[in-house]
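Keep the sequence and the 3D view side by side. The paragraphs below walk through them step by step.

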Amino acid sequence: MPEPSLSSPFYQALRQALAQRGRSVSGICPNDDDVARRVLHDYGAMFVGAKNILPPPVCVFTSEDQVSQFQAAAGRAAETIGDATIELQPAAMQALLRARESARAEGLDITPRDGPEAARRDYADTVRLWNSRFLPALDHWKNAGRLTEAQVDRLRALPIKEQVSEVLELETKGIFFSKDLSKSVLYSIAAPGTSQHIAMLAFDANEFLDARVREIMAEHGWFQTVLSDLPHFTFLGLQESELPQRGLKPVEVNNQKFWIPDV
Ligand SMILES: [Zn+2]
């Protein structure tokens, strides 16, 4: 894979989007922080979305306080769909409800996958989800003889940020931490403090396999921007034709179209 370039379409669009908010790329995501950069390249589409959404002030949140402050500033709209009450940024919720109306008018539906976790998550949720992949994978690789007991104990005891960094390093050697242990953990769940769900700009839909549902979501500004995360939609609040000029490029996986940062 070619090295990400600071003069790539995504970085150009990102600098412009952040400048309009008085921010800089290194301000939200330090140059020398490899984990933060990786997160930016995998989940960064939300930073180049429409003006009526608030992207996070940082690529990686490090505490519950910081997340609560951001979520209060962005505003939270709640809605009950089926038996799950979900929360999103107001513009994202409005667009989702409109998309759902369109779907229902065609005899389809758009419903939250896995209850309230389909939309807003807090910091603790992302840590819990991390552990749900990280801890079983450690046991697996220990039993498979790829990690020693001492290595596993050490990894468990590390601060979260260092766990993420070491996991990404191990994955370069084929020791993967996704649920099925076949791909990077970042395609399975977000690193703690980094999810688009924390930004309240993400929604996991049960009906993601339906091409017409994906089309309706896109017509309402909801796109798939995290490669290989098949049920996951991101609210950008833009028309599909605007995405290339925002530094996003289309990639197809499993017949689904993903708009990912062109770095
Ligand atoms: Zn998701």
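Predicted model: local features only at pLDDT ≥ 70, side-chain atom pairs only at ≥ 80, totals over all residues.

Residues are numbered from 1 along each chain as its sequence is written, and side-chain values use heavy atoms, with hydrogens and water left out.

H197 sits in the loop between α8 (160–171) and β3, while H232 is in strand β5; the two are 35 residues apart and link distant parts of the chain. Helices (H or I, at least four residues) and strands (E, at least two) are DSSP runs, numbered from the N terminus. Both H197 and H232 are buried, meaning under 20% relative accessible area with a 1.4 Å probe, protein chains only.

Now follow β5, residues 232–235. H232 and T234 point one way, F233 and F235 the other, and all are buried. In a regular strand the side chains alternate between the two faces of the sheet. Strand β3 (residues 202–204) runs antiparallel to β5, joined by 3 bridges. Strand β4 (residues 222–223) is also antiparallel to β5, with 2 bridges. Two strands pair if DSSP finds at least two bridges between them. T234 is the bridge partner of A202, and F223 stands opposite T234.

Next, the aromatic rings. F203 and W222 form an edge-to-face pair, 6.3 Å centre to centre with 70° between the planes. Rings of Phe, Tyr and Trp (its six-membered ring) pair if their centres lie within 6.5 Å; planes under 30 degrees apart count as stacked, over 60 as edge-to-face and the rest as tilted. F203 lies in strand β3 and W222 in strand β4, so the pair ties together parts 19 residues apart in sequence. Both residues are buried.

F203 and W222 also belong to the largest nonpolar core, which has 63 residues. Such a core is a set of buried Ala, Val, Leu, Ile, Met, Phe, Trp, Tyr and Cys residues joined through side-chain atoms within 4.5 Å. L40 is another of the residues with the most contacts inside this core.

Note on methods
Buried < 20%, exposed > 50% of the residue type's maximum accessible area, 1.4 Å probe, protein only.
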